[in-house]
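Hello,

Here is the structure we talked about, with the sequence alongside.

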Amino acid sequence: GALPSEPSKFPLSFDASYRPPWRLLFVSFGSGLVLLALELIWFRFLRLYVVSSPTAFAIMLALVLAGIGLGSVAAGAINHRSTRLHQLVPVLLLLAAVAVLLSYLFFPGEAVRSPAGAFSLASWYQIALLSMALMFPVAFLSGIVFPSIASSVQATVEDRMNSTGVTTLFNTTGAAIGPLLASFVLLPGIGYQWSLVLCAVVYAFLSILVSKRSSW
């Protein structure tokens with residue numbers, strides 16, 4: 001007789017029976033929070049040099065997004081050549097901490113000062129230069145960090161859909177809180193410089209946290 005047919009299964013079932021890697025998810029949350037907090041701090045800081053206009057905002061936002069996008073491409077290239085992308089997370093976070101401080105210390109504000117004063121800077125290429133120097137390095141590293149964290153979670157969860165979804169959830173939640181924290185707490189309370197230092201410290205803390213081996 002005919003063999004009994006097996007019951008059909010939905011191909012994209014969601015299995016939540018695993019134990020979430022809370023340490024990695026906290027790092028995903030923290031990295032999203034810090035990057036979006038930095039973005040607001042950077043934009044507010046650049047307004048000291050750049051005329052507030054739709055063009056200036058578009059250039060600054062475009063360079064941040066370009067940095068994140070190119071970082072994601074670089075992460076894909078690294079992952080294509082090596083399956084150990086997740087091992088780079090502590091190094092990438094530490095590099096991001098250093099980049100936050102160096103991009104501020106070596107910010108070329110004087111190099112683009114116009115005769116009318118720094119506050120009237122409106123040339124698109126000068127705006128792009130300032131934005132590139134201040135924001136692009138950290139944005140690029142952040143573009144590599146997120147896929148690296150997702151790869152780390154996947155190594156624990158062993159399910160691509162679950163790992164990407166839960167990592168994105170925590171990262172996006174942090175990204176939603178970051179600008180609020182920067183706007184209502186950091187900038188009014190401690191100003192630009194110490195806000196940047198604090199963001200660098202948080203990146204360094206996340207680097208230490210993710211490098212520790214623990215069961216949670």
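This is a predicted model: local features need pLDDT of at least 70, side-chain atom pairs count only at pLDDT 80 or more; totals for chains, interfaces and linings use all residues.

A definition to begin with: a residue is called buried under 20% relative accessible area, exposed over 50%, and partly exposed in between, using a 1.4 Å probe and protein chains only. By that rule, 43% of the 216 residues in the protein chain are buried.

Residues are numbered from 1 along each chain as its sequence is written, and side-chain values use heavy atoms, with hydrogens and water left out.

**Confidence**

The predictor's confidence in each residue is its pLDDT, on a scale from 0 to 100. The protein chain averages 83, and 78% of the residues score at least 70. Please be careful with residues 8-14, where pLDDT stays under 50. For that stretch the model has four contacts beyond four places in sequence, a contact being heavy atoms within 4.5 Å.

**Overall fold**

Helices (H or I, at least four residues) and strands (E, at least two) are DSSP runs, numbered from the N terminus. The protein chain has five helices and zero strands, giving the pattern α-α-α-α-α along the sequence. Of the contacts with a separation of 6 or more, 84% are between residues 24 or more positions apart.

The accessible surface of the protein chain is about 12100 Å², with 68% of it belonging to carbon and sulfur atoms. Areas come from the Shrake-Rupley method with a 1.4 Å probe, and for residues only the protein chains shown count as cover.

**The core and helix H1**

A nonpolar core is a set of buried Ala, Val, Leu, Ile, Met, Phe, Trp, Tyr and Cys residues joined through side-chain atoms within 4.5 Å. The largest one here has 54 residues, and those with the most contacts inside it are Leu-38, Trp-42, Leu-93, Met-135 and Tyr-203. H1, H2, H3, helix H4 (124-157) and helix H5 (160-211) each supply at least two residues. H1 gives the most, with 14 residues.

H1 is also largely enclosed by the rest of the structure, because 20 of its 25 residues are buried. Its end C-alpha atoms are 36 Å apart, which agrees with the 36 Å that its 25 residues should span at 1.5 Å a residue; the expected span is 1.5 Å times one less than the number of residues.

Beyond its neighbours within four places in sequence, Phe-26 is in contact with Phe-205, Leu-206 and Leu-209.

In helix H2 you will find Ile-68, which is partly exposed with a relative accessible area of 25%. Ile-68 and Gly-143 are 75 residues apart in sequence, yet their C-alpha atoms are 4.0 Å apart in space. Not counting residues up to four places away, Ile-68 touches Leu-35, Ala-139, Phe-140 and Gly-143.

The buried residues of H3 include Leu-92, Leu-93, Ala-96 and Val-100. Leaving aside neighbours within four places in sequence, Leu-93 is in contact with Val-27, Val-145, Tyr-203, Leu-206, Ser-207 and Val-210.

**Aromatic pairs**

Rings of Phe, Tyr and Trp (its six-membered ring) pair if their centres lie within 6.5 Å; planes under 30 degrees apart count as stacked, over 60 as edge-to-face and the rest as tilted. A search of the whole structure finds ten such pairs.

Take Phe-43 and Phe-57: their ring centres are 5.5 Å apart and their planes at 85 degrees, so the pair is edge-to-face. This pair links Phe-43 in helix H1 (residues 22-46) to Phe-57 in helix H2 (residues 54-81), 14 residues apart. Phe-43 is buried at 11% relative accessibility, whereas Phe-57 is partly exposed at 43%.

Phe-45 and Tyr-104 are edge-to-face as well, because their centres are 5.7 Å apart and their planes at 65 degrees. Here Phe-45 in helix H1 is linked with Tyr-104 in helix H3 (residues 89-105), 59 residues away. Phe-45 is buried at 9%, while Tyr-104 is partly exposed at 24%.

Best wishes
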